[in-house]
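Here's a quick briefing on the aromatic rings in this protein. Have a look at the model before reading on.

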Amino acid sequence: MEHSADFHHVETLRTTASPERVFALWSDPSTWASWDPPVERVVLDGPFRVGTSGTMVMAGGFEMAFELVEVRPDHGYLDVIRMGELEIRIDHVVEATDGGSLVTVTTDITGPGAEGIGGMVTADAPTAVAALVAMAESATADQDRVPAT
């Protein structure tokens, strides 16, 4: 389904981590606060699959309900936040590349005030994607270590 966004932002970063490792972090909401600066806590009301809803508690205690509308194991997911007529769609995609992955997070916002809120919603996107990539690469390095004998 096509959505004409009033605000559109794309954040992309290459990583040496595999798509599976990146998706493992995305699909575990308990990690989100570790790599997404404004997120304090995430509660998912079921398994990480299409139709599951949840709540993100942001800095300052602001709560936002969201729904997983697409889940593509080891490839990405799309979550949607609805606040009245305002809709925030955040699509998370990871694609395999030679030597790792390409991580892309696309934010599309429609509705009244989309332009104004868009900058606030995506202000930490570069930091969040970089922290996600660093965590995925660190986990990969930890998995590759051979214990000393």
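Helix α1 is mostly covered, with 6 of its 8 residues buried. Buried means under 20% relative accessible area, while exposed is over 50% and partly exposed is in between, using a 1.4 Å probe and protein chains only. Helices (H or I, at least four residues) and strands (E, at least two) are DSSP runs, numbered from the N terminus.

Keep in mind that this is a predicted model: local features need pLDDT of at least 70, side-chain atom pairs count only at pLDDT 80 or more, and totals for chains, interfaces and linings use all residues. Residues are numbered from 1 along each chain as its sequence is written, and side-chain values use heavy atoms, leaving out hydrogens and water.

**Inside α1**
- The buried residues here are Pro19, Arg21, Val22, Phe23, Leu25 and Trp26.

**Ring pairs**
- Searching the whole structure turns up 6 aromatic pairs (rings of Phe, Tyr and Trp, taking its six-membered ring, with centres within 6.5 Å; planes under 30 degrees apart are stacked, over 60 edge-to-face, the rest tilted).
- Trp26 and Tyr77 have ring centres 5.8 Å apart and planes at 75°, so they pair edge-to-face.
- Trp26 sits in α1 (residues 19–26) and Tyr77 in strand β5 (residues 76–83), so this pair ties together parts 51 residues apart in sequence.
- Both Trp26 and Tyr77 are buried.
- Trp32 and Phe66 make a tilted pair, 5.7 Å centre to centre with 40° between the planes.

**The cluster**
- Ring pairs join Phe23, Trp26, Trp32, Trp35, Phe48, Phe66 and Tyr77 into a cluster.
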